[in-house]
Amino acid sequence: MSYQGKFRVWRGDDSGGGLEDFTVEVNEGEVVLDIIHRLQATQAPDLAVRWNCKAGKCGSCSAEVNGRPRLLCMTRMSIFEEAETITVTPMRTFPIIRDLVTDVSFNYTKAREVPSFQPPKDLAPGEYRMQQVDVERSQEFRKCIECFLCQNTCHVVRDHEENKEAFSGPRFLMRVAELEMHPLDTADRVDQAQDDHGLGYCNITKCCSEVCPEHIHITDNALIPMKERVADRKYDPIVWLGNKLFRRS
Amino acid sequence: MARAQIAARTLRTDRWWLPPLTTFAGLLLISIYAAFRTFQGDFYWVDQYHYLTPMYSPCLSEECVPAASHFGQPLPALPGFLTPPVVIIPFLLGFRITCYYYRKAYYRAAWASPPACAVAEPHAKYTGETRFPLIAQNLHRYFFYAASILLCVNIYDTVLAFGTGLGLGNLILLVNVSLLAAYTLSCHSCRHIAGGRLKHFSKHPVRYWMWTQVSKLNNRHMQLAWASLIFVCLTDLYVALVASETISDLRFIN
Amino acid sequence: MPELERHSFDVLVIGAGGAGLRAAIEAREHGLRTAVLCKSLFGKAHTVMAEGGIAAAMGNVNSSDSWQVHFRDTMRGGKFLNNWRMAELHAQEAPQRVWELETYGALFDRTKDGRISQRNFGGHEYPRLAHVGDRTGLELIRTLQQKIVSLQQEDFKETGDYEHRLRVFQEFTVTDLVKDGDRIAGAFGYWRESGRFVLFEAPAVILATGGIGKSFKVTSNSWEYTGDGHALALRAGASLINMEFIQFHPTGMVWPPSVKGILVTESVRGDGGVLRNSDGKRFMFDYIPEVFKDKYADNEEEADRWYTDQAGNRRPPELLPRDEVARAINSEVKEGRGSPHGGVFLDVSTRLPAEEIRRRLPSMHHQFKELADVDITAQPMEVGPTCHYVMGGVEVDPDTGSSSVPGLYAAGEVSGGMHGSNRLGGNSLSDLLVFGRRAGAGAAEYVRGLSDRPAIAEEAVTEARATALKPFQQEGGENPYTLHMELQQSMNDLVGIIRRAEEMDEALQRLEKLKERARSLSVEGHQQFNPGWHLALDLRNMLLVSECVARAALLRTESRGGHTRDDHPSMDAEWRRKLLVCAVSGDGVEVVEKPQIPIRSDLLDLFDRSELEKYLTAEELA
Ligand SMILES: Cc1cc2nc3c(=O)[nH]c(=O)nc-3n(C[C@H](O)[C@H](O)[C@H](O)COP(=O)(O)OP(=O)(O)OC[C@H]3O[C@@H](n4cnc5c(N)ncnc54)[C@H](O)[C@@H]3O)c2cc1C
Ligand code: SF4
Ligand code: SF4
Ligand code: FES
Ligand code: FES
């Protein structure tokens, strides 16, 4: 059941690099990460790749396979033809460290800019009561394994490095939505989303939702509802007029 | 620190250009047809069976065929080449143009921003919907309200047409308003207003139920957007063909 | 030689799993400058993989539950070898630790009245596991990660620096602990990214490095589990206990080969899944041990009724403690009644409606669909035992997590004692929180009480650096990948789920040879992100820890929990009174016996005498 597969893997670091060709054994039931590991064990011991759980749970092994952002450990070899040359490249949006490993610190910086959960002051631990229907929306977003594939794919930063400053990316806009929909969060998240995290940059072209390995409906359930909340507040002409007339802030 | 040096604009090996191309072609065809029909200014009313094409409804200005003006003619005759639909088209078009689905479709297909996922876009700068004019996309909510009113008008037209009996045209009008209603109900703004904006569903069981139902439709928003758009054109074409006596309506009763 | 990067903190936490993060939060809340060091990215530690839930006797679903019942279940699960004080603290404090998570923003699944929902799990008398679908570990780690971020935001507001009091060093491996005399003085390691070395000066170090599974071939553990913390503690002069007890989870995937070992959560069985052999028989009814006869149903009707009426029926035998189920599967396969790929069948498809399966077990559904092309709503899964958890670890003081080395603390899977000879599902996540917090507080107290800070001698640093660089200096030596594979194979075959004296002797001989060959390991390339080099350094730890496991297993001539001897198949009450302690000796380890601390009498009174008779000697009962 095994065959010799053709691979092109990007190798290099921030001073340069390129695609290198390899021929590697492929066995039944394997995923791309198995092949990369076989490469390490047999032909390229210093090939850098980031991984951890090998079960699609930790979101470490993000890269691009045939140009598509994917988890290496969840990309089965059986989706490719045996004769096909499979190209494996690092995520494009983040600075390269080496080979398939990129510097994802952008995401940790953005994570830190989202104000944390603010519980009601009068509730002691153990007194929290929430209904299942009320937690379900935020629970969907908390399925996120922080693979950052959505951040990598989003053209706002992928194609425009300069937008990284103003735009937190789908993962962290979704985090804002998660807190906004958290039944017990007391902070106001709507203005934050628009003013501090660049919700307006998103043009809802849905690539984040397309690549999310957890199949979270990022655009439909987080981004658009946030845009609607912003519209409630900022673009409602009646509210706007009221604010102008009565100088409310 | 720099990004990995990869020269290719994309390494995707599938036919990623096909969906945007199809979308573009589809939208273009439909726009051409709609523009043609709008400025044709004729064949929108079948007097015998009371079929009014949705593209001309409501017909509010004085050049309308009087019987087609179900809501009177509050507006004077329009000057120059303008035809009755120009009064309502800003709302219909506005609704579709600011629709979250269509935005995705034409940003990708017409503006290549991005053409497909993980394919570099050709523009040097990008500010998304943060400033004028695209910031106006946030007005979708108000177009939704307007479109809902127009939908009611279309439903009224459809019901009126049943007064003359039953023909294929009636059925087509019925399917048309059903699709339009499904599309409008599946709107993201509708989903938000129905219940999405609430923090505690459990305190509003009725609105939670509505939200759940709208969410189900919302899952199909793209399909409904296309189905309703194409069907509006087909409905219009059918009415035009019957009105111009190119074909005759297939009658079941009367 | 490039300039050595140096940092100074009050408390170093090695490991960013549940235990490490909870410890760091506690140390920071005590006002100490704290660093967290971890091998992978922040938020990706092994804890993320935990599925089923956190055990805590909150009594939300069944109000009869209490810490006493939880304590009893834990002791039973561990076959009474547990450190009773740890089991007591754990059972008492777990509910508070879970509730605390809610204040950090966690969103558990809810009961109808809005409390945290709790599910059934093997060995737990009542529904006890707080959970979020089957991704509880992710929720736990994300919540703690976000709590850390919130503390950093507080510090930022106060000082303008997010990392003023709490800093995370990710993708950083600690290779050695550094001491000043007999107390801890810091830690030495390298950035995985650049290979550059760093010295951390700190009077207290908390080990929270997790387990050792990567020494076995079939395991649910990730590459992080190379026993680093166990080895660091050993080399620093601390001792390990209970290393012979390794939990083989009964249900790991067996096919396809590349995913062999990946876990199939116990919730599948908790939610109604049953085990069948190739004859279609629910074989677990044949494997109920004497000690559990009055708690487990002996017929299918009663077992099935239990899911809806737990008060009136005994539980299905699929929910026996893990060691029992793993052994049962092992013998079914041995006797030729296994599935095509050498496991048995685990079936929920005929037990629950498809919709319900997708709702309750989403990630299992996803995992089998994506990795094995199996739709668990329509087909049975194929499962077999997989190395999952090490009960053994650093011997610590229950109340503070302190090891025998001043300044060295341990919490989580790397510590030993709490789970005795076998851990109950869900008891690990609660263990992480309870003892993570205690170790954080213990370390803080220790640092507060110091009159002077320990100093680091330059020689220690030079030596640590030389050890780390050795694989580069040698050419034409052994390939670390080959060595690792041989180690895994030996441990799996010879010190695996069923053990025999001759096999373990052979294992020890093989380990001796591997150790020899490991001295001449060589790696290619340079220090920057070099997986070959990383593995070479990890191997040192795996070999040391594997030796502890094999030596202890050879000495313990009985079968108990996660230690099954073919040549000594029964449990021996005399052995319950003895712990095996592993410490460094020469360039290897030695294992010696140590008396177990007797259980406090008021805790003993929680059990029926008839039950105690199964475990304790006549002398102890008198
Ligand atoms: C698949 C699976 C499912 C599980 N399900 C459950 C469950 O449902 N309920 C339950 O209670 N338990 C479960 N467990 C067990 C439980 O998840 C683990 O025992 C627990 O997460 C261990 O946590 P920890 O904090 O001790 O260490 P980990 O979370 O493993 O963290 C170890 C940390 O130490 C770091 N580290 C290690 N070595 C070094 C070094 N040399 N230098 C620097 N950093 C280092 C690692 O990078 C990592 O950050 C499961 C385990 C597995 C494998
Ligand atoms: S939908 Fe918005 S956030 Fe998502 S990829 Fe597109 S632009 Fe980025
Ligand atoms: S939202 Fe999805 S794609 Fe984005 S980081 Fe989370 S899991 Fe990955
Ligand atoms: S390795 Fe964890 S997601 Fe791939
Ligand atoms: S989102 Fe498409 S119509 Fe409102």
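How many salt bridges are found across the interface of domain 2 of chain C and domain 3 of chain C? In this predicted model, the count across that interface is 0 salt bridges. The side of domain 2 of chain C that touches domain 3 of chain C draws most on helix H8 of chain C (residues 322–334), which contributes 4 residues. By class, this side of domain 2 comprises 2 nonpolar, 1 polar and 2 charged residues.

Contact between them involves 5 residues of domain 2 and 5 residues of domain 3. About 430 Å² is buried between domain 2 and domain 3 of chain C, and carbon and sulfur atoms account for 63% of this area. On the domain 2 side, C:Asp323, C:Arg327 and C:Asn330 supply 72% of the area buried against domain 3, more than any other three residues.

Chain C also contributes to the surroundings of ligand 1. This ligand is surrounded by 40 residues, of which C:Thr47, C:Glu224, C:Tyr225, C:Asp228 and C:Glu413 are the closest. A polar side-chain atom of C:Thr47 is placed 2.4 Å from an oxygen atom of ligand 1. Backbone atoms take part as well: a backbone N or O atom of C:Ala16 lies 2.9 Å from an oxygen atom of ligand 1, and for C:Gly426 the corresponding distance from a backbone N or O atom to an oxygen atom of the ligand is 3.3 Å.

The interface between chain B and chain A brings 52 residues of chain B into contact with 63 residues of chain A. The area buried between these chains is about 4,900 Å², with 49% given by carbon and sulfur atoms. Within chain B, the residues that lose the most area to chain A are B:Arg3, B:Tyr126 and B:Lys199, which together make up 17% of what that side buries. The interface contains 7 salt bridges. A:Lys227 and B:Glu129 meet through their side chains in a salt bridge, with an N to O distance of 2.7 Å. Polar contacts between chain B and chain A number 39 residue pairs, both residues being at pLDDT 80 or more. Helices H3 (100–109), H4 (140–161), H6 (188–196) and H7 (205–218) of chain B each provide at least two residues of the side that touches chain A. That side of chain B consists of 23 nonpolar, 15 polar and 14 charged residues.

Two further ligands have residues of chain A in their surroundings. Ligand 2 is surrounded by 13 residues, the closest being A:Cys154, A:Cys202, A:Thr205, A:Lys206 and A:Cys208. At least two residues of this shell come from each of helix H5 (155–158), helix H8 (207–211) and helix H9 (218–234) of chain A. The shell around ligand 2 divides into 8 nonpolar, 4 polar and 1 charged residues. Around ligand 3, the residues include A:Cys144, A:Cys147, A:Cys150 and A:Cys212, together with A:Phe148, A:Met174 and A:Glu146. The composition of the ligand 3 shell is 9 nonpolar, no polar and 1 charged residues.

Terms used
Residues are numbered from 1 along each chain as its sequence is written. Chains are lettered from A and ligands numbered from 1 in the order in which they are written. This is a predicted model: local features need pLDDT of at least 70, side-chain atom pairs count only at pLDDT 80 or more; totals for chains, interfaces and linings use all residues. Side-chain values use heavy atoms; hydrogens and water are left out. A residue is near a molecule or strand if one of its heavy atoms lies within 4 Å of it. Ala, Val, Leu, Ile, Met, Phe, Trp, Tyr, Cys and Pro count as nonpolar, Asp, Glu, Lys and Arg as charged, and the others, Gly among them, as polar. Contact means heavy atoms within 4.5 Å. Buried area is the accessible area (1.4 Å probe) that two parts lose on being put together, summed over both. A salt bridge is a side-chain nitrogen of Lys or Arg within 4 Å of a carboxyl oxygen of Asp or Glu. A polar contact is a pair of N or O atoms within 3.5 Å; within protein, one must be able to donate a hydrogen and the other to accept it, and residues adjacent in sequence count only if both atoms are side-chain atoms.
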